[in-house]
Amino acid sequence: MEPTTGDRTPRALLDSPHLASGIRKATTRLMPMLVVLYFVAFLDRTNVGFAEEGLQVDRGISAGAFALGAGIFFIGYAIFEIPSNLLLDRFGARFWLARIAVTWGVVASAFAFTTNDTMFVFLRFLLGVTEAGLFPGVIMFLSQWFPNKKRVQMFAIFYLAQPFSQMLGAPLSGGLISFGDTLTPWHGWQVMFFVEGVMAIVAGVAAYFLLTDSPQKATWLDEREKAAMREVMAHEDTVRDADGPRGIVPAMLNGKVWYFTVIYFCLQVAVYGTTFYLPQQVAGLLGRDVGWQVGLVAAIPWAVGLVFCYVVGRHADTVARRRHWGGIAFLLTGAAILASAWAGANGQALLGIVAITVAVSAFLCAGPISWSFPTAFLTGAAAATGIGLINSIGNLGGFVAPIMRTAINEAVPTEAGTWGVVSLGVLAFLAAAMMWGTALFRTRADALLDTPGRER
């Protein structure tokens, strides 16, 4: 017999028209602001690539300092993830996400005044420290607002900021550099850093006024919608509290938390390994220098991935679908990265572009699905700790990926850097196996997703 909440079953709660209308309102009110925050965050962490030449010519930043600064961002980010998430749990998402955006915007703007290697590396580390907590904070925030059945869809909408930033970020950063060089007394890279940093500050201020900590504080929900959301989220919290670890230390030692940490690390190796080198890989396939033509072609995988991320997220509403589609997404990620390596080594430009498009589309689908599993059994301080741990260790994949790719290319040199690309895809196969292995982790929360007659 299905457990009840009050006089209604959990499934009846999920079918409530008041819950549906509350979710629709929350989606339109909250998601655009969250997408803007992640868009600006991704822009400010990756725009340094556009300033590399200017920093070297105008400020004498060495290649070694630039490489260290590019990677040290992730160290600062990882160290302060869990503390930031715990503070978000204490002060509320509205204030803390706004604080994160404003402080990282101040640091991002300060890059305009970089004078030497030490200052550049320090600012990159500080940028990671100040941005720490944004992504896992939003994941936790969404898990407090939306029931598990709708959560992957919301994660997918949030993830759309990543392809948008890749498609729009390059022309925006390039345009600001051109504008700064021709129409201002400053260097173009200074204008880019300053303007994009100010964008984060403005987004943070807007977030403070536009976000709401919980359904019960939302003046734009009526009482029946608040009641429906309160009932279903209270039931899910009860289930998560019973199934998951309780407290900070148990969450850090929990085997399931570390299981999903490994999955997310494998994902980030593929994501950042592909993202960092996408322009160069496309340029090599096309036989052209990096420029506007390469930029247009490099935008294709993100445009296609944007569509697939949303469609898969919208329909990943059962445990079976999440497990199978997640496993397939990781499998396609690994296979497509290997195919792109073969295409590059054999001069097959069209096949290479198709393979990269499949890889990007697949890992964009895998991300939201991956987050649905830990948020189904983590709540309270354990959620703040567990989600922060998964994201902090996972994001070290962004630090490891370029180092691993470079080291393997030096150990096994080829003209197209084939084996370095291959290394980025291998871990995706491990993640695929582990995703299917989540069948071992069934929890009572899964009953809220599966309906009679559906495959489990």
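**Helix α17.** I started with α17 and found 19 of its 24 residues buried, so the rest of the structure largely encloses this helix. Buried means under 20% relative accessible area, with exposed over 50% and partly exposed in between (1.4 Å probe, protein chains only). The helix covers residues 349–372 and reaches 36 Å from first C-alpha to last, close to the 34 Å expected at 1.5 Å a residue. That expected span is 1.5 Å times one less than the number of residues. Helices here are DSSP runs (H or I, at least four residues), numbered from the N terminus.

**Ground rules.** I am working with a predicted model, where local features need pLDDT of at least 70 and side-chain atom pairs count only at pLDDT 80 or more, while totals for chains, interfaces and linings use all residues. Residues are numbered from 1 along each chain as its sequence is written, and side-chain values use heavy atoms, with hydrogens and water left out.

**Thr333.** Next I looked up Thr333, which sits in helix α16 (residues 319–345). Thr333 has 1% relative accessibility and therefore counts as buried. Leaving out residues up to four places away in sequence, Thr333 touches Ala270, Ala359, Ala362, Phe363 and Ala428; contact means heavy atoms within 4.5 Å. I also noted that the Thr333 side chain reaches the backbone oxygen of Ala329 at 2.8 Å.

**Glu81.** Then I turned to Glu81, in helix α5. Is Glu81 buried or exposed? Its relative accessibility is 0%, so Glu81 counts as buried. A polar atom of the Glu81 side chain lies 2.5 Å from the backbone nitrogen of Gly133. Beyond four places in sequence, the residues that Glu81 touches are Ala132, Gly133, Pro136, Gly388, Asn391 and Ser392. I checked Leu37 too: Glu81 and Leu37 are 44 residues apart in sequence and 17 Å apart in space, C-alpha to C-alpha.

**α5 against α6.** Staying with α5 (residues 81–91), I saw that it packs with α6 (residues 93–110) at an angle of about 140 degrees, axes 7 Å apart. The two helices are therefore oblique to each other. Ser84, Leu87, Leu88 and Phe91 of α5 meet Ala93, Phe95, Trp96, Leu97, Arg99 and Ile100 of α6.

**Helix α9.** Last, I looked at α9, residues 148–159, which reaches 17 Å from first C-alpha to last, close to the expected 16 Å. This helix is mostly covered, with 10 of its 12 residues buried. Among them I listed Arg151, Met154, Phe155 and Tyr159.

Methods
Axes are lines fitted to C-alpha atoms, for helices over the stretch in contact, and angles run from 0 to 180 degrees between N-to-C directions. Angles under 35 degrees count as roughly parallel, over 145 as roughly antiparallel, 65 to 115 as roughly perpendicular and the rest as oblique. A polar contact is a pair of N or O atoms within 3.5 Å; within protein, one must be able to donate a hydrogen and the other to accept it, and residues adjacent in sequence count only if both atoms are side-chain atoms.
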